[in-house]
Every structure is written in C-alpha cells, then in structure tokens.
Amino acid sequence: MSGSSITAEPPPQAAPPAPSEQGTSRYLTGTLFLLPAIFLLGVWLLYPTVYTIVRSFFGQSGYLGTWVGIDNYKTLFTTSTLVTAIKNSAIWVAVVPALVVALGLIFAVLTERIRWAVAFKTVVFLPMAISAFATGVTWHLLYQQDPSLGAINALGRTVHDAFSSPGVLSNALPSTTSLQKQGGGLVLKTPLKPGGVALLGLTGIAPQDMPSGARQAVKPASKPGDIEGTVWRDFKPGGGKPGVVEQGELGIPGVTVELRDSSGKVVQTATTDSHGTFDFTGVGGGTYNAGIGAATFAKPFGGYTWLGPKLITPSLLIAYIWIWAGFAMVVIAAGLSALPREVLEAARTDGATEWQVFRRVTVPLLAPVLSVVFITMIINVLKVFDIVLALAPDSVQSNANVIALAMWRTAFSGSNDFGTGSAIAVFLFVLVIPVLALNIRRFRREV
Amino acid sequence: MSRMSGGTNRAIRLVAVAGVVVTLVAVAAGCGGGSKKSGGGTSTGSSSVSGSVKFWGIWSAAEQTAFQKVIAGFNKQYPNVKVSYTSKGDNIPTILATAIAGGSPPDLADVAQPGLVKQLVQQGHLKPITYAKSTIDANFSPAWANLGTINGKLYALLFKASNKSTLWYSVPVFKQAGVKAPKTWTQLLSDAKTIKASGTPAYSLCGASGWTLTDIFENIYLRMWGSAKYDSLSAHKIKWTDPSVTKALQYMAKIVGDTSNIYGGTSGALQTDYPTCVDKAFSNPPKAAMVLQGDFVGLEILQATSAKAGTGFNVTPFPSITPGPDASAVETGGDLIVAFHDTPAIEAFVKYLATPQAAEIWAKLGGFGTGNKNVPASVYPDSITRTTEEPLLGAKSVVFDMSDNQPASFGATTGQGEWGIFQKFLQNPSSISSIQGQLESAASKAYKSGK
C-alpha cells in the first residue's frame, strides 16, 4: 500500500528515449526470458483450461468422446446430487467468509488487549499448519456419535449424566409379552392378588453387564398376604424357555420393584436380593400390578448424530472455520497494528465510546484488509474439497457434497464421466471468475 | 515412444543374456548325461517366445510380492519373456482411462470391475483372449469362462477370485448365546433372536459403505431366485420394481429392520464404515455377533483385532434360502485380467495365468481364491481360507457382484445410485415400494446413458 510512492518514481529513469535498435533487442531479450514461463503456463494452465472447456461438450470417455452439446450442463442442473452440491456450495459461500472475517476481527481486536497475546495467537493460528485432510480425519473422530468414541458427544454425556443418571439395566428387554412397557418402565400385565407370585423375566443383558453378586434365580413360593416375585435374566445358552425360571439363569440383585394398586398408584417398593427375589409384605385386599420403574431402564446419552445427513454441513463448516479463523486473525491483526494510533486517540479524546471507536473508526480503516480476507475466503470456499472427503462418512457424502467434490466424484470416482466432470469444472471456473476479476482490479488500483 | 525403444533395447539385452544362459544349460545337460525329464515339453516351445509384457495391477504390498512369485514361476517356463508389474492401486480405472485417452495403455491390466471390462470392450480398447480359451476350459467350469465372455468373445480371465457369499461370526458370542453357525435363513433369524436375548446385538452392519448393503441384498437375491434371474436383474432385463425384488427386500428388511439387534442401531450403522464394523464385532469384548460380508473380512479380523481363527472368529457360507434353486451358487468378485495388446509373449502369460500351477503359487501364500478346479483345496494355508474358497472350486454357478456389473453411476458410486438408495433402505426399511421405485428410475437412467 505504501509501496505506491516507491513504484511511482522509477518510470522516468527506466524509459529513456532509446534508439529503436536497442529497443528491439531489449524486447527480444524480454521475450526470451518470458518464453519458459509462457511455455509452462501454456502446458499446465492454458491447454488444460481450453481442453476442459471443449471436453465439457463431449461424452463420457476417451480423449474427446462423442459430441453431446450442452447435455452435460443439463445433467449438472438436473441430477439431484449435483444440485445438492451447488446448494451446499452456496451455503458455504454465504456462511464461511463472513464468519471467518468476523471471528478473525474479534480475535485480532481482543488480542491487542490481553497479556499472552502471542501465545493466544499461536494457538488460534495453529490449525493453519495442519493439512485440511488431517483436520477432516481429526474432526471425524471428534464428531463420532458413540460417546465412548467421539469427544464432543463424550462431553455431552458427562453433562447429561450429571443431571439424569442412566439406569442399571438400560439395555434390558422383557422376555415375554406378559411384561409390557409403560411410561419407560415395565409392568406385569396380569393383575396380582395377595399371595400371588410375580415373574419379571428380562433378556438382552450381556453377562458382563450383570450386577456383581448375582446368583441362581429362585422362584419364591406363594405366601398368604404377601406378593412375592423374582427379577431375573431369563436367558441361558440356546435361549431357554421364556418366562420360566430355569437352572443356570441368574437373579438380578438391586432392582427396585414397584407395586401399584388398581388405580396405578405405587403402594410399595422393594429391592431384589442376590437371587432376584423380592417381597411385598402385608398387602391388603384388591388387585395389584407389579413392575419395574423407568429409572432402571433410563438410557444413557446416545450422542448427537453430527455426521448424519442433517448435521453434516454445519459440522463441516465448524471444522473449516476452525482452520481459517486463525489466518484471518493474523492478517487482520497485522492490518490493525498498522493503523494510525492518533486517529483512534483523537476519537477517544472526542468522547467516543470503545464500541463507537471500533464501529466508526477501526472497521472502516481496516476495510481493505477485511475485503482481502473475505475474497480469499470466497475463493477458498468455492474450491473446498479435501475436508469434505475426509470428514463426511460415505453414507452422507451426497448430503455434504460441494462442487469441487462433485467434480472429482463424477470424473474419477466410480462413474469416470469426464464429460460431466469437465462441465462441473467449467461451472466452478465461471463462478470463480467474478471474484478473481474483483481481486485483479483491486491489485491494479493498488499499484 | 521412448518407452518402446527402451523396451526393445532391454529385450535385445535380455535375449542376449538368455541366449548365453540357454547355451550353458544345454551344455550342462549334455554333461549330465540325459536328464531329459526336467522342463520336458514346455521348454522347447517356450524359449522361442520372447518379449516384454507391461502389466498394471491393483495389487500392492504383500499381494504384489505374491504376484511377483507367480511371475517368477512363469519365467521358469518362459525365461525370455520379461513381465514388468507396476502397482497402480485402487485408482486403476481412472489411471487406465487416462492412459487410454493418452494413447498408451499397458499390455495387460487387472481390473476389479466387470462393468469396466464391458465398457472397455464396447469402446474397442481390449483384445480378445480367445487363445487362452482351451486352457481355461480345461481348468474352469463353463460358468467361469462365461464371466469373461462379452458379446460372445472371451475377453477376461478371473485370475484372483473372492467369495462374497460368506458370513463371519464371533465364536465367543455364539457360545454365550448357545447357538450354532446358521445354515439356513430361518436358522439365521432364530439365531439372531437368541443372540439379542443374550445381550449382544446380532448384526454389525457397515452402512456407511454402501456396497456392503448391496452385497447383502445380492446374496439374498441369488439364494432366493438363482443365478439366471440374478443375471437378468443385473443386466436390467428385469426391472427393479419386479415382485422378485420386493420379496428379496422383504427378507433383507428382517435384518436391517431389526434396529435393536444392530450394533449402534440404524443411525449408528449408517455411520459405521467397512472395516470398522468388522473391528467392532471381533473386538474384545465383542460388540456384535455377525458380519455378513465376503471372504475379505478374514484378513481384516487378523490385522485389526486379536481374535484368533476358530476360537475368536469363524466363517460359514451365506445361509441358504428355501426353496432357492441354487443352494451352492456363489457370488464372486475379483481381479479380471484383460489385454490391450496381442503378442506371443502376452498370450503365453495369459495362458499361464489360467493354469493350476500359477494359481497354486499364490493360493499357498494365502489371501487368494480361484475357481480353477484343478487346484486342490488342500493348498490353501489354513482352515478359514479353505472354508471360504472351497465353494469357488466346485462352483457350477457363479455370478459377479451385481453392483460391479452395472453402469458405474448406478452400481458403483459413493452415496449415489444403488449404494445411496440402499443406505436409504437401511434408514427406513419399511419403505420397500418407494425404494424399488427409486432403484428403477436410477437404473433406467444409468442404462440409458450407459455410464
């Protein structure tokens, strides 16, 4: 920016009224020096660009294939996965550059005022040093749904379980249909009278999940005036007979059993012993239902499906912003340190609040830097590819699709459809052109 | 261009070296005094064949070493042919497409996608390997030669075959639940119910990898309707809305719809890819009882878990469905050898690959299956491999993985076409008719455009 005054001076020196002969040889030397660069640019930029544009009007395979006109472009806008890719890219462009600039600005302004600013900046900038693919793999792990695998859901589980702890038999299922689900718990359908025996058989409990101290299940004998029963793991190798207490099946100790009267009110609770038996003593006349409360079966926190079809794009955006916020911060902080302090001081002296200084002075003065970051981010986001490939599981890659990934998947992964792939590439190119033009115009203005 | 001149130079040098070697051997044999047996009939014809063969394949690491040994076996018979193998990895379809576009394909390549072979034939890039027909017919049952026949001509040899009709199970979980390896579909479902009651989910599905779901469907369809109907469906001669598909999907829904019996439930399964699903089922303690996938699971178990064959894991053929017409039908996949050029050296090598000698070299090393009926099952190194590969040796009816045989945009693209729609099916197994409609419209679109 300040370089404009320096570059403005040399031209009068550099352009003496040279004789035409000398001019030609200089021109020749210049061309000679440029030739290798032109050659390389031609081979690696110009030819592929032209070829891709031409290729996009031809069929699937071969050097050119068969002429198909604009069919590839029709495919691009009618295939649902490709349309999703275009929509997603639009979301990326709408969200990421703005958020990255905002976050970068906040970080940059705030780090000016804290101690350990360098340490903070280093930490925020560090993700830039990691390749996007590695970032994708890392966040893929963080986002795992199973709280025992994914760090984010593990945090969720810790918070969740602090407020409602999971039941001791969260996976258990009734072994027969006479036990029915009711309000999260299980209730024995057949009503009991005093002297009755309640058999509450459960399955779906892995041996290693059984409470310690469990012993052979016992079916209690009927006792007048009491309601007795057993809660047991109604399973032995091969399955056993459901609903029958058999040799080799263990009682489940420590289960809270509830006795409800005919109106559904809990009149007594009892806890099972090591044989799984329980006893409700001194039960009055009438009919009752025995059951196990919902707390026993409360499921632990299962985790959010970060990598599912609905949340995948937000999850990707978070990871991507995590990478680039540091870059924005560093660039904006550099711009910030070059701001004329006296303007800020003057504003403060005139009685502007900190917010007003920020809003009316800092941000307008930083505008050129902010726009550089913003435009860089738009280009980055349009060509985003690797992080989506690495982070999104295969089953949701269609939901997470973006233009660059769609291009690769169409041209190289599976379909090998070079025609449509080229059409997508051309479409992406067309999208980037205005941004590039804007950038080039800005460069010109600065020089 | 430079490649060719380099190749010629090398060939000349080789011929020279080989000439010296042959002379020495002849002298030695003369001195030895009439040891005629060794070499016999082959060496007379073979030393006259010379040249080089450029082979591109997907095999890398241990598989590459094994194939180099197969090549070494070939060079014992044909010392004057130099086969240079280059591993191109899983990207070989892309690399081949680019090489063809650039006008310099290799001499031979191994391709895992029959659909791609068909495509290459239609585009006129492949040379028929009719010269190997008699060797193949002598060693394989006709069904195998049919796999490589396109438009009535033989174009490919299925050299390294895999058996996709297998079911892997965790031995400790089966023991705990007191069930035996299921032989029939009914047994499978009742086993699954018992396993669920024992406290471990029965199935570990790899829903994030769409192809694992289509593999399960294909096995059910094959067992239920037989290979003829299977081939019609895979060629899209039967529509996906056919009642036969409905019935197969209804059977499949008994597995994928049993949400509480799937490790991680439906949503967990959709995020579990292959091979994570295998690692889960055979971890310690096992998180699920069964993985319904092909023979390649065995290698993954050995590499990624501490489970041992026999005590930790075991394998059984995919359960039969009665009254299915083909109880022993096998769904196979594998590496097809195709030829882009035609020289005596190439012909000799292709023919050699169809012999039992070539197959045995790799079979002994493990991780290899073949339909070559003259390879005895005893050459396989362990009981697991024997269980998985023996059905191939005797198989009278073999079919390719259906999704590999279809246009790639329908059958082999991540999250799209068949793979993506079967993931939707896992998400919502009750929507069979809508799934069939989606499959049919995607299939007819792909077949129309041919890609």
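In helix 5 of chain A, the residues A:Ser89, A:Trp92, A:Val93, A:Val96, A:Pro97, A:Val100, A:Val101, A:Gly104 and A:Val109 meet a set from helix 12 of chain A: A:Phe358, A:Leu370, A:Val373, A:Phe374, A:Met377, A:Ile378, A:Val381 and A:Leu382. Contact here means that C-beta atoms, placed from the backbone, lie within 7 Å. Helices (H or I, at least four residues) and strands (E, at least two) are DSSP runs, numbered from the N terminus. The residues of this contact between helix 5 and helix 12 of chain A are 15 nonpolar, two polar and no charged. Nonpolar covers Ala, Val, Leu, Ile, Met, Phe, Trp, Tyr, Cys and Pro; charged covers Asp, Glu, Lys and Arg; the others, Gly among them, are polar.

This is a predicted model: local features need pLDDT of at least 70, side-chain atom pairs count only at pLDDT 80 or more, and totals for chains, interfaces and linings use all residues. Residues are numbered from 1 along each chain as its sequence is written, while chains are lettered from A and ligands numbered from 1 in the order in which they are written.

Now the geometry. The axes of helix 5 (residues 80-111) and helix 12 (residues 354-382) of chain A come within 9 Å and cross at roughly 140°. Axes are lines fitted to C-alpha atoms, for helices over the stretch in contact, and angles run from 0 to 180 degrees between N-to-C directions. Helix 5 and helix 12 of chain A are therefore oblique to each other. Angles under 35 degrees count as roughly parallel, over 145 as roughly antiparallel, 65 to 115 as roughly perpendicular and the rest as oblique.

Step back to the whole chain. Chain A holds 16 helices and nine strands. Its radius of gyration is 36 Å, well over the 22 Å that the globule rule gives for 447 residues, so chain A is more spread out than a compact globule. That radius is taken over C-alpha atoms, and the rule is 2.2 Å times the number of residues to the power 0.38. The C-alpha trace of chain A spans about 125 × 75 × 35 Å along its principal axes. Buried residues make up 35% of the 447 in chain A. Buried means 20 or more other C-beta atoms within 10 Å of a residue's own, exposed 12 or fewer, and partly exposed in between, with C-beta atoms placed from the backbone.

What of the partner? In chain B, 36 residues are in contact with 34 residues of chain A. On the chain B side, helix 4 (92-101), helix 8 (171-177), helix 9 (185-197), helix 12 (265-271), helix 19 (408-411) and helix 20 (417-427) each supply at least two residues. That side has eleven nonpolar, 22 polar and three charged residues.

Within chain B, helix 10 (residues 210-234) and helix 11 pack at an angle of about 145°, with axes 8 Å apart. B:Val245 has its place in helix 11 (residues 243-256) of chain B. B:Val245 is buried, with 21 other C-beta atoms within 10 Å. Beyond its neighbours within four places in sequence, B:Val245 is in contact with B:Trp240 and B:Gln436.

Finally, the loops. B:His236 lies between helix 10 and helix 11 of chain B. Its phi is near 60°, a positive value in a residue other than glycine. B:His236 is partly exposed, with 17 other C-beta atoms within 10 Å. A cis peptide bond joins B:Tyr274 and B:Pro275, with omega about 10°.

Technical notes. Two residues are in contact if their C-beta atoms, placed from the backbone, lie within 7 Å.
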